[in-house]
Each structure stands twice: as structure tokens, then as C-alpha cells.
Amino acid sequence: MKHLKLSSLVIFTFLTFVGKGQDLYDLNNITTIELTFWDSNWDATLDTYYANDLGERLVANAVINGVVFDSVGVKYKGNSTYSTSNFKNPLNIDLEYVKNQDYDGFTTLKLSNIGKDPSYVREVLSYKIGRQYMDMPLSNYATVTINGTYYGVYSSSESINSDFQKKYVHASKNNTRFKCNPPAGAGPGVTTLPSLEYLGTDSSSYFDGYELKSDYGWGDLPIFTNNLVNNPSSLESFLDIDRAIWMIAFDNVMSNLDSYLGPFKQNYYLIKDDNDRMLPIIWDLNESIGGFTMISGGGGPGGGGVTSLTQMDLFLRDGDTGYPLVKAIFDNPIYKRMYVAHVKTIVEENIITNTYYTDGQDLQALIDSYVQSEPNPFYSYSYFTSNLTSAVGTGPNSKYGVAQILNGRSSYLQGLTAYNYTAPDISNISIPTSVMANSTITITADITTSPSYVYVGYRLSNASVFQKVEMFDDGAHNDGGAGDGTFGTDITVGASEVEYYIYAENTNAGKFSPVRAEHEFYTIAVGSDVVINELSASNASIQADDDGEFDDWIELYNNTNLDINIGGYYLSDESSDLTKWKIPDNTIIGANDYLIIWADKDTLQLGLHANFKLSASGETLYLSNVSEVLLDEITFDNQTTDVTYGRFPNGTGPFMYMNPTFSSENSNNPIGIEEVMETNDFEIYPNPTKSLVNIVFEKDNKSSFEIYDILGNRIYESFNSNQSVQINVSNWSRGMYLVKSSNRIEKLIVQ
């Protein structure tokens, strides 16, 4: 087996980045926000605007991480955390209120005043945990200074808006989006809650329980709730069921009761995706982890003891018609087993490992000095230091400890029969070593512990819905002999990468592989004789064309040993028009060679220049042959300037972010390394990963290692700690990293 060994520790900086020095939601750094109002009576004005509830904003100048923004719009936000008597109120800052401007593509900042959390970690930590399993807002800390006065530490969380839904959930900007909170606020006297109960065909019946955040779409809510209540057998045709199961599992494990699972059935969004399914998205986690103590009833928080929170029913709301989403999940035995599998994954990856506590300590350490400096805090500094572990305060304002809730929850769940059923084991997943476009392939896996139902979920593009195909151990599905424990099935691939996972269950329990499916999945690279091999959608200095212009470019590669005439092939960035640009006749791509096409709309220039440009914010690129048969299809999202997106290994592998290799082999090595034959020193799994990664060393080796990013910057190091080290990389940038021990380097891919 080939490994990579460091020949000399020389770090090369290949890339020059233009833009902000700090990501807006960088968890390892605090965002600094300085606001300057011309109105000296700005606080009273913002209070008036809040009371008017007309969407009015007060104009200010803002400096964010040293970057100046002129004429932003500011307003107060929040329900229970806002008060005219507060020194520190929640803020909503619109960067493009007056002019077009953004920070790293973000135009709205939502800042919570952390007014209900002595530990300061509940919201940021909960979002960090939740993003491992479903799309949720990015969140970190910010400090706010207004007219020269320091106001304190806020949690800053990504806005769920049209940009969010386009970026994360394959929903066009105009798709229906509901904020599932009563516009007047939840509490005593509110009769309509966002429970998803069917209230009839008149959309006005839903006005008091939901806010429509898109320009139109009220008619979608009666249709969806009617289907949810009266058509549960077709649930997956109108609901992203996996996201719904993950949401309910997360709320239950985290004792997050100011949520759909709680008495007010709120604090989530519903977004209609381009597949006509509703997707639930959790938001507002400031009272997660037992911060909101009431499990049932009305009248606001309070009354729930620590035992009621830590020993809350695993199947809370089972059979309750007032919670039709939960009822639909638990009424289906397969969904119910999937729910328990998701619960176990959250518990085992975050609580049993104590990862949540280490992360909580790191978050508190980051903001410690800024918390101490707050001029008018909601809680004392001693409460801040204690509440990660222990309860603080007395009466209705008391807050249980973060560890007190999560450790107690974990212990209780681990003692339940339903939690301890043995699920099937999934291993030895096998796919062909080479997969050609538009072919049929076999997927097999070994499944033990009396599986009664096994399926592979797969999709041919990231924007599609996973299709579920049953796998069999009958000797008739390329699975070997009947009853030998190997399950198999065939799927037909298209021209793009295939994303897939496997689910298996017996009569008691189910299991996913990977365990975070459908949010995480395995990838099958699909190739053809000629493939899209690399692209640059933001070329500032990589390579200029013959006219000296740094334009977008697409690299094609010939995987064969023969020259191929691709004249008459087509490139397009529109699914509705695959023949958008025709490659000129008699265009030859040599054997095992590369061809560059400039995507710049400059078709009159000499050379190969397509009649479209690539979008740096992401899109899909298509390559078709002369018969208009799709040969390759690549979907990419936000691109970083002078970082390309290409196949690795060259010509056949999946796509990843890499150093530019214009018209040459995609080697993707940011530091001086050489290929050598090497015995195992450590293993990395899962790899690729979106969140947790394990670095496991051989028994006789010490676990000293370092991790470098693509610029050669050392971003992680560990010295003689344990034979096995688990790292949460959920907030690392997507792309390739190098894990280096004393005698070996391996690539780690963060998706």
C-alpha cells in the first residue's frame, strides 16, 4: 500500500487569498462588531421601532473584524430576551439596508444577548453538535461596542433566509419558507401554535401560529399539514423524513424543549425544497440543554425538575395528535427504529465521549476575559464559571448545569431497553473499483445480527432525493450465496458522483452506515473516457488566457490511451439546455492529456472560449457527447479565489478543493512529500468526514502528530496523548489536510 512520507518539512505557500482575514462564524475566534449611530438617542429609537413592529431600522456605521461597512440597518430582535430595561438587547444588523455590501457573502447578522444562559455556551455548543447531523445555522461569539461603549458578548448565528436555503438545502430563493413561531410570541393566551396540526383549507387559520418569510406560499401549509395528518403512508413524497427524525432526536437528547418537541411547538423553520418536500430546520437554541424546563402545559418556563429533564421519555409525544410530526414518525416502526439509531449516534459521539464538555470548556476559555469585562451582565462571573458543570441560582431564574443535564440524560437513555437492543452490523461495503457513466453497478455489504430489512439509499446528484433500493441475501442479486450474510443490489448510475448509504434493521433496532446518514454519505466517483477534471470559478492569479485575462476555466482530461475527437461535444451550466455551448469541430484531446476551455463568454477570442461563465457561489456543470448523452456532471458550491475544484486521484477520483494544477496532473500536495512503501503507522477514519475524525495509532507507537492545511499552516498538534484521538472538524473549511506523524503523512478530506 502506498503512503506519503515527508522528505523535508518545507512549507510552501502556493495561494494568495484576497478578502477578510477572519470568517464571520469562525468558532476559534471572536467576531468584533463596532457600531456608531449618529442618533445619540439610538437606544430609545430602537425601542420605538421594536414597539412599532414595522420593520424599521436605524442606520449606523459598522466595523466588523476591522472591515468598515457604511450605512447598515440595525434593529432590536427577540421575544423573551428583549426588554426596554435591558442594557444588552438582541440585535439584527442588515449590511445591505442602504447599499449592496456583505461580509463573506453574509448580509444579515443576528446577535443573541445570551440573556437566559449563565454558561454562555448553550446556543453555540448546541448548534455545533447539531450541525454534525443536519443543516443548521453557523454560530459563534461576537463582542459588540456601540458608540465607544462595550456592551458584552453575544452569540452570533447565521440567518435562515433565502441565501441559507439556496446554500444548504437546494431550495431556490423564492421557495416557500415559514418561520414556525407565533408572530405575537408563544405563551399564555396564544391559541394557535405551529404544531403542524391540520386546521382546514383556509390559510388564514394558520396566520397566528406561523410567519411566512418568503414572498408567497401560504397555500402550501394547509396542503402539507393535511398530508402529514391524513396521508402518512406517502410521507417521504412531501417531507424530508430523515431531517425530521434527526430534529426530534436532537431535541430529545439535548433536552431542548423550547422547540417543536416542547409545549409551544416552535423554534424551527419549514422550507420547501426544489423536490417539493418540506424540510425542518432548527433555530434559536439559547435555552437548549435544559435551559427551558417545562415539558408540558402552558404559562412559560419553570416547574420542571432536573429529574424530569434528564429522565424525559425517549418517545416523548408518542401517539399525541397535537404533535402530528412526532406521531407520524413513531407510528411507523421503521422510522421509530431509525429515530433510536440517531439518538444513539448523538449520545455516543458527543456525551459518552465527553466531547461536548471539552468543547464547552474551549468556548468558555475563548470568551472568558470578555465575559469578565461586561459592564452590566445578566449573570455573575461565578455563575459563568460554574454553570457548565453545576446548577446556579434559585427559584424561577435558576439554571441547571450543562453537564448535569447531558450526563444525566446519557445515563438515563443508556439504561433503557429500547436503547440497548442490538442492531445489525454493517461491514465490508463493496463497490466496483471503476465506475463508468450510465452503467449498472452492484453494491454489496456484510450484515450480521439477523437483519430483516436492508436497503441502500442513493442519489445521482446532491440536489436529488435519496432513492431506497432493497438489498437481498438470496444469491440472486450478485450477493454470493443465499444466506451467507452478504447482501447485494444493483443501481444504475448517471454521469455524476453517486452519494449513498446503507441502512439495516432487525425486529428491534436499526443502524446506518455511515451513522450520520443521510447528512453524511459515501461517494462513488463516476468516470468516462473524457471527464471534467478540474475547474476554477474564481481565478485571480492562477493562469491568464492568451489575451492576458484571468477568467474562469474548465479542464477536461482524456482517461484513455488514444486521442479522442471531442468536436461536437457540449458544455453547459444549465440542466434545461445541455447544448448551451458546442465544442468546435475537430477539437482533439490527446491520449492521457488535458484540454483547457475558458468559461468567459468571450467566444470571439482565439482558442476555446465557452459562451458562459462559472458562478463562484456554486452551480452545476455538464459535459455531453455529440448525441447529447450526458458524460459528466459536477455540482460545486462556494469557491475560494485561486483554489480549484478537481478530481483526486486525477481523472477518476471524487472532487475536492485543491491547489491549482492547470493543464497538468491533479497531485494536490501542498508540502514536499514523496511516495514510499510504508507499513501502517496510523489510520484515519472516517475519511472523508464532515465532523468527527479518528486518528488511531498502532499499539507500539505514540500518538504524536500534526495536521496542516493546504497552505502549509499547522492547525492541530497532539503530543503523546492517547493511542486513539478523536477530533471534531465540523467547523474546518472543506478540502484537503495532511496528517503528519514522525515518519508518515496521510491525507484527510473534510467535506
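Start by selecting Lys601, which sits in the loop between strand 27 (594-599) and strand 28 (609-610). Keep in mind as you go that this is a predicted model. Check the backbone here: phi of Lys601 is near 65°, a positive value in a residue that isn't glycine. Lys601 is also exposed, with a relative accessible area of 56%.

Now jump to Asp53, in the loop between helix 1 (42-52) and strand 3 (58-64). Asp53 has a positive phi too, about 55°, although it is not a glycine. At 64% relative accessibility, Asp53 counts as exposed. Why stop for such residues? Most residues other than glycine have a negative phi, and most peptide bonds are trans.

Select Ser513 and Pro514: the bond joining them is cis, with omega about 0°. Pro514 belongs to the loop between strand 19 (510-513) and strand 20 (522-524). Stay in that loop, between strand 19 and strand 20, and pick Glu518. The peptide bond from Ala517 to Glu518 is cis as well, with omega near 5°.

Next, salt bridges. How many are there? The count comes to 25 salt bridges. Select Lys88 and Glu374 to see one of them, with the closest N and O atoms 3.1 Å apart. Lys88 lies in the loop between strand 4 (67-76) and strand 5, and Glu374 in the loop between helix 10 (355-372) and helix 11 (381-386), so this pair ties together parts that are 286 residues apart in sequence. Is Lys88 buried or exposed? Lys88 is buried, at a relative accessible area of 2%, and Glu374 counts as buried at 7%.

Then select Glu574 and Lys580, another salt bridge, whose closest N and O atoms are 3.0 Å apart. Glu574 is partly exposed, with a relative accessible area of 33%, and Lys580 counts as partly exposed at 22%.

Asp26 lies in the loop between strand 1 (2-11) and strand 2 (31-37). Asp26 is buried yet has no salt bridge, and Lys128, the nearest side chain of opposite charge, is 9.6 Å away. What does the side chain of Asp26 reach? Draw a distance to the backbone nitrogen of Asn28 and you'll get 2.9 Å.

Follow Lys128 into helix 2, where it is one of the buried residues, along with others including Arg122, Glu123 and Tyr127. Helix 2 (residues 122-130) is mostly covered, with nine of its nine residues buried.

Last stop, the surface. Select Asp23, Glu96, Asp102 and Asp104, which gather there in a patch of negative charge. Glu96 has its place in the loop between strand 5 (91-94) and strand 6 (108-112), and at 37% relative accessibility Glu96 counts as partly exposed.

Note on methods
Residues numbered from 1 in each chain as written. Predicted model: local features only at pLDDT ≥ 70, side-chain atom pairs only at ≥ 80, totals over all residues. Heavy atoms only, no water. Patch = residues over 30% accessible without salt bridge, like charges linked within 9 Å, V, L, I, M, F, W, Y side chains within 5 Å. Areas by Shrake-Rupley, 256 points an atom, 1.4 Å probe, with all protein chains shown as cover. Salt bridge = Lys/Arg side-chain N within 4 Å of Asp/Glu carboxyl O. Lys, Arg positive; Asp, Glu negative; His and termini not counted. Charge placed at Lys NZ, Arg CZ, Asp CG, Glu CD. Helix = DSSP H or I, 4+ residues; strand = E, 2+ residues; numbered from the N terminus. Buried < 20%, exposed > 50% of the residue type's maximum accessible area, 1.4 Å probe, protein only. Polar contact = N/O pair within 3.5 Å; in protein donor to acceptor, adjacent residues only side chain to side chain.
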